[in-house]
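Trainee: Could you show me how to read charged side-chain pairs in a model like this one?

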Amino acid sequence: PGPLCPHFHIPLQSGDDAVLARMHRPYKRDDFRQLVLRIVDRLPNAAIGVDTLIGFPGETDAAFERTVDLIDSLPVAYLHVFPFSARKGTPAFSYSDPVPFAVIKKRCQRMRRLGSQKRRAFYAKSLGRQATVLVEAHRDGQLQGLTDNYVPVRFDGPDAWRNTLRQVHVQRLAHDGLPEGRVTFQAERS
């Protein structure tokens, strides 16, 4: 097997044990915490993305806060936030304690703000570092690509560098939060 990129995407769904049990998930919040901490212990620069499902029937304010607290306490890189919507034919469709749509919407907004904070903090960890970037596109006058741990980086260079690897010194976060840098030398072509 070849090298792997240190990028993980893990479906947490909820950080509350009662909600997880109701979803028939085979894990608890502490299992998730330990998994994330083991990954980061072995791969300190790993990007860990997390799926959350907000507003599952029976999700109380306290249950939602436990999810927020768990995610806030962990070194995750980004979140995918999904609002719960009942699907006919699923067990949750008939649960008698739905969360009102307005509450789900408000909770999703809060979780997305937390996700933005986590993403920005993760990107900031790359500042001052050398990174190998796979150049993918030319956008808004700059090249853009991804590091092996899923950090998008923009930098100047010719369009001919697309689909090549470049060594980039990551220098700053732009006004939109994306890292920017400059090419230092060409990496080996893959």
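Mentor: Let us begin with R110, which is partly exposed at a relative accessible area of 32%, where partly exposed means between buried (under 20% relative accessible area) and exposed (over 50%), with a 1.4 Å probe and protein chains only. This is a predicted model, in which local features need pLDDT of at least 70 and side-chain atom pairs count only at pLDDT 80 or more, while totals for chains, interfaces and linings use all residues. Residues are numbered from 1 along each chain as its sequence is written, and side-chain values use heavy atoms, with hydrogens and water left out.

Trainee: With which residue does R110 form a salt bridge?

Mentor: Side chains of opposite charge can pair when their charged atoms come close. A salt bridge is a side-chain nitrogen of Lys or Arg within 4 Å of a carboxyl oxygen of Asp or Glu. Here R110 pairs with E65, and their closest N and O atoms are 2.4 Å apart. The pair links distant parts of the chain, since R110 is in helix 4 and E65 in helix 3, 45 residues apart; helices are DSSP runs of H or I with at least four residues, strands are runs of E with at least two, and both are numbered from the N terminus. E65 is also partly exposed, at 31%.

Trainee: Are E59 and R107 buried or exposed?

Mentor: Both are buried, and their side chains meet in a salt bridge of 2.7 Å, N to O. E59 lies in the loop between strand 2 (47–54) and helix 3 (61–73), and R107 in helix 4 (residues 101–124), so this pair ties together parts 48 residues apart in sequence.

Trainee: How many salt bridges does the count come to?

Mentor: The count is nine.
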